[in-house]
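I opened this notebook to keep a record of what I looked up, entry by entry, in one structure. The entries follow the order in which I went through them.

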Amino acid sequence: MSGVEYAYAKLNLALDILRKREDGYHDLRMVMQSIDLADEVSISPRSEPGMTVSTDLPYLPKDEGNIAAKAASRFFAVSGLPPVGLSIDIKKRIPVCAGMAGGSSDGAAVLRVLRRMYAPDMPEERLAEIGALVGSDVPFCVHGGAMLAEGRGECLSPLPSLPPCWLVVCKPAYSVSTPELFSKVQVKKLRCHPDIPGMAAALEQGDLEGVARRLYNVFEDVLPRKYHQIFEIKSTLLGLGAMAASMTGSGPTVFGLFRDHSPAVQAVEVLTAQYPSVYLCRPL
Ligand code: C5P
């Protein structure tokens, strides 16, 4: 038996940092939204023990350094099921190190496939707990949709997804190190914080305008100047009619929220001429 699963990317509609914790992580409050940009994760058992990972991006790790293999190991270790040798193949579509949970989503897809293959009675909550051992964004990716995420990112409360809209997603050519950006944050010095209860209420009411008004990521406040393209992409999106634009996660990807299709398509055309990774997406 083998299994295939889509691993969906996420965007942060809001991201707030509340405090630094004793364990080195930060307590966060975020609104996360899955979108229809996805990797394809295939798993098949093999006769030899251990895991191999192959991807269409040769520079990604092929062993336990890959979050997909780590997720598979944790699945067997925590569930107590006898480990099975596995080949994991990932067709990457989500940009890497982009703030879109590409790796976490692959890990979550592995967990979902393994549950289907070996533990169909395991509740999704249990799968998300295993995910939390693999990475902070993995529990969200196990469930998907729209969620309020708190704690390290693993305390999740479901929200209604964004009302129908278009998301223009653009990643500059470089990447931003997540731990490095967290290290720049002094919580007391953050100038403003997103209105997350207001955003949750806007989602409950299907109020796209209300969500757009509250799109905000505190990481933008501490970005070093060398990442100025992030602000240039935001300006371009706003100039081309986006209702709002924000960076997702620890960046560097930026997205713009559009009510209508044709200005979103125009924004994709303009940005594609300047940046390597531009996508027209919809919320799931
Ligand atoms: O959990 P994950 O491996 O995805 O986190 C990557 C890094 O991001 C952590 O090592 C930590 O530096 C930072 N982080 C944090 N607080 C969080 C999530 C991540 O400081 N809530």
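## Entry 1: around Ser104

I began with the surroundings of Ser104, and, leaving aside its neighbours within four places in sequence, I find this residue in contact with Ile67, Asp137, Val138 and Cys141. I note at once that I am working on a predicted model. Ser104 is found in helix α2, and I looked up its accessibility as well: at 12% relative accessibility, Ser104 counts as buried, because the limit for that class is under 20%.

## Entry 2: the loop between β4 and α2

I then turned to the backbone angles and stopped at Cys97, which is not a glycine and yet has a positive phi of about 50°. I place Cys97 in the loop between β4 (86–91) and α2. Ala101 also lies in the loop between β4 and α2, and its phi is near 60°, a positive value in a residue other than glycine. I checked the accessibility of Ala101 too, and with a relative accessible area of 10% this residue is buried. I wrote these angles down because most residues other than glycine have a negative phi.

## Entry 3: a cis peptide bond

Which residues does a cis peptide bond join? I find Gly251 and Pro252 joined in this way, with omega at about 5°. Pro252 lies in the loop between β9 (244–247) and β10 (254–258).

## Entry 4: α1 against α3

For the helix pairs I started with α1 (residues 67–79) and α3 (residues 124–132), which pack at an angle of about 120°, with their axes 9 Å apart. That angle makes α1 oblique to α3, and I record the crossing of α1 and α3 as right-handed. On the α1 side I list Arg74, Phe75 and Val78, which meet Arg126, Leu127 and Ile130 in α3. Sorted by class, the contact of α1 with α3 has 4 nonpolar, no polar and 2 charged residues.

## Entry 5: α2 against α3

I looked up the packing of α2 on α3 next, and here the angle is about 135°, with the axes 10 Å apart. That makes α2 oblique to α3, and the crossing of α2 and α3 is right-handed. From α2, the contact is made by Leu111, Arg112 and Arg115, and from α3 by Glu124, Leu127, Ile130 and Gly131. I divided the residues of the contact of α2 with α3 into 3 nonpolar, 1 polar and 3 charged.

## Entry 6: what covers α3

Which residues of α3 are buried? I list Leu127, Ala128, Ile130, Gly131 and Ala132. What covers the buried residues of α3 includes α1, α2 (102–118) and α4 (138–143).

## Entry 7: α8 against α9

I also looked up helix α8 (residues 229–239) and helix α9 (residues 261–272), which pack at an angle of about 145°, with their axes 10 Å apart. The crossing of α8 and α9 is right-handed.

## Entry 8: aromatic pairs

How many aromatic pairs does a search of the whole structure find? I have 5 aromatic pairs from that search.

Conventions: Residues are numbered from 1 along each chain as its sequence is written. This is a predicted model: local features need pLDDT of at least 70, side-chain atom pairs count only at pLDDT 80 or more; totals for chains, interfaces and linings use all residues. Side-chain values use heavy atoms; hydrogens and water are left out. Axes are lines fitted to C-alpha atoms, for helices over the stretch in contact, and angles run from 0 to 180 degrees between N-to-C directions. Helices (H or I, at least four residues) and strands (E, at least two) are DSSP runs, numbered from the N terminus. Angles under 35 degrees count as roughly parallel, over 145 as roughly antiparallel, 65 to 115 as roughly perpendicular and the rest as oblique. A crossing is left-handed if the near helix is turned anticlockwise from the far one by less than a right angle, and right-handed if clockwise. Contact means heavy atoms within 4.5 Å. Ala, Val, Leu, Ile, Met, Phe, Trp, Tyr, Cys and Pro count as nonpolar, Asp, Glu, Lys and Arg as charged, and the others, Gly among them, as polar. Rings of Phe, Tyr and Trp (its six-membered ring) pair if their centres lie within 6.5 Å; planes under 30 degrees apart count as stacked, over 60 as edge-to-face and the rest as tilted. Buried means under 20% relative accessible area, exposed over 50%, partly exposed in between (1.4 Å probe, protein chains only).
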